[in-house]
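Hi,

Here is the structure I promised to pass on. Please have it open while you read the notes below.

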Amino acid sequence: MDSINKNQNEDNFKNLAGREGLDKIRELVKEAGSCFFCTGIVTGQPFDTRPMAPEKIDENGNFWFLSAEDSHKNKELEVDPNAQLLFQGSSYSGFLSLYGKVTISKDKAIIKELWDPMMKTWFIEGVDDPRITVLQFKPLSGYYWDTKHGMAVAAVKRVIGAIKGETYDDSVEGNVTP
């Protein structure tokens, strides 16, 4: 069997939805810790991106961020609420792209729930800083790339494949939605 056929038979595609999709999203987000938060993705202009870390992922798969009301990001989201989150867990696995819509609010209860004292770096007046807004990102679609058996097994398969000149791919990818 040649390496091309071997690769096609390795079952590298698996779409995930519902609880299984949400579990995969949580796993990849935890591994990455932060993401690139992209705005202006539908307007046809070059999109803007910045690093951000979600404060919470709720039981419905919504992502929650705190953001400054006067930030470029918030201004862009007021014009176009479409956004994309891009996560990378490691050099070889744990990639996640989510597309969704963002809602901006000033809900004080949610701000207090999400508040961390380190955020005072951005909001110098603390949890009651009038500039704080809540961004709720609701994912509508997504795609992931990961390993099936973890990094150790994937590394061994890559080494064996390189030595034998065959493909021993341990990756898995597919659509993912909560």
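These notes cover the overall fold, then the cores.

This is a predicted model: local features need pLDDT of at least 70, side-chain atom pairs count only at pLDDT 80 or more, and totals for chains, interfaces and linings use all residues. Numbering runs from 1 along each chain as its sequence is written, and side-chain values use heavy atoms, with hydrogens and water left out.

The fold: the protein chain has five helices and nine strands. These are DSSP runs, numbered from the N terminus (helices: H or I, at least four residues; strands: E, at least two). Their order along the sequence is α-β-α-β-β-β-β-α-β-β-α-β-α-β.

Burial: 39% of the 178 residues count as buried, meaning under 20% relative accessible area (1.4 Å probe, protein chains only).

The main core: the largest nonpolar core has 24 residues. Such a core is a set of buried Ala, Val, Leu, Ile, Met, Phe, Trp, Tyr and Cys residues joined through side-chain atoms within 4.5 Å. Phe37, Phe63, Phe65, Leu85, Phe87, Leu96 and Leu98 touch the most other members. Elements giving two or more residues include strand 2 (35-39), strand 6 (82-88) and strand 7 (95-105). Helix 2 gives the largest share, five residues.

Look at Leu85. Leaving out residues up to four places away in sequence, Leu85 touches Cys35, Phe36, Phe37, Phe63, Phe65, Leu96, Ser97, Leu98 and Phe137. Contact means heavy atoms within 4.5 Å.

The second core: this one is separate and has 11 residues, among them Leu66, Ala68, Ile111 and Trp115.

Best wishes

Terms used. Buried means under 20% relative accessible area, exposed over 50%, partly exposed in between (1.4 Å probe, protein chains only).
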